[in-house]
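Trainee: I'm new to this one. Can you put it up and walk me through it?
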Amino acid sequence: MLTTIRKQLAAAIRDTAFEGKVWLAGGCVRDEILGRKTRDIDLTVELPDGGIKLAKHLHKLKLASRPVVYKQFGTALVCYNGWKIELGMTRKESYRYRSRKPDVQFGTLQEDVMRRDFTINSLLMNVTDGKIADLSGLGLADLENKLVRATSHPEIIFKEDPLRMLRAIRFATELNFMIEARTRQYI
């Protein structure tokens, strides 16, 4: 299913500023590699306000519903062929004390990957050509070795958003994976 959606999106962005800059991200890529049904689809776009702009582009082409825009986070939500798709720009985040809601700004693809919770959720698939990118350098190996590992220092990512500790346990349980030792230590 993801291949079909990817190809449809690739056709929709051909010969536009989006071509080569739109990536399927996170859980949908993980689930595709594992042969699991995808629950949600996230896109990250390597352009300032790229997710919002792409959502509007897809709506203009009558391929998606009118976007629901979350300007504070630089994201948009659309319904596309019955799927809910969240679109965002590549971003970097900072957190205020005792707040799970990040302040966001445009960032590089590498910064976007490293702000994500776990290596298995940081994998990307380029919409244009279908190639997988593992910018953490550990996502594919962790999938193969059945490990849930923080993308960066676990103490920091859990302080930024304590819900990530529960997500680690949920992924380990759902996927029958182990939690990597350092990540487990900080949980």
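Mentor: One term to begin with: buried means under 20% relative accessible area, exposed over 50%, and partly exposed in between (1.4 Å probe, protein chains only). Another: helices (H or I, at least four residues) and strands (E, at least two) are DSSP runs, numbered from the N terminus. This is a predicted model, where local features need pLDDT of at least 70, side-chain atom pairs count only at pLDDT 80 or more, and totals for chains, interfaces and linings use all residues. Residues are numbered from 1 along each chain as its sequence is written, and side-chain values use heavy atoms, with hydrogens and water left out.

Trainee: Okay, which residues of helix H3 are buried?
Mentor: In H3 (residues 50-60) they are Gly50, Gly51, Ile52, Leu54, Ala55, His57 and Leu58.

Trainee: What is Leu54 in contact with?
Mentor: Contact means heavy atoms within 4.5 Å. Neighbours within four places in sequence aside, Leu54 touches Ile13, Phe18, Val22, Leu43, Val45 and Leu87.

Trainee: Which residues touch the most other members of the largest nonpolar core?
Mentor: A nonpolar core is a set of buried Ala, Val, Leu, Ile, Met, Phe, Trp, Tyr and Cys residues joined through side-chain atoms within 4.5 Å. The largest has 42 residues, and Leu24, Leu43, Leu54 and Val148 touch the most other members. Helix H1 (residues 2-13) gives the largest share of this core, six residues. A second, separate core of six residues includes Leu109, Val113, Leu124 and Ala133.

Trainee: Is Cys28 buried or exposed?
Mentor: Cys28 counts as buried, because its relative accessibility is 0%. Cys79, at 36%, counts as partly exposed.

Trainee: How many aromatic pairs?
Mentor: One. Rings of Phe, Tyr and Trp (its six-membered ring) pair if their centres lie within 6.5 Å; planes under 30 degrees apart count as stacked, over 60 as edge-to-face and the rest as tilted. Phe118 and Phe171 are edge-to-face, at 6.2 Å centre to centre and 80° between the planes.

Trainee: Where do they sit?
Mentor: Phe118 is in the loop between helix H4 (109-114) and strand S8 (124-126), and Phe171 is in helix H7 (residues 163-175), 53 residues apart. Both Phe118 and Phe171 are buried.
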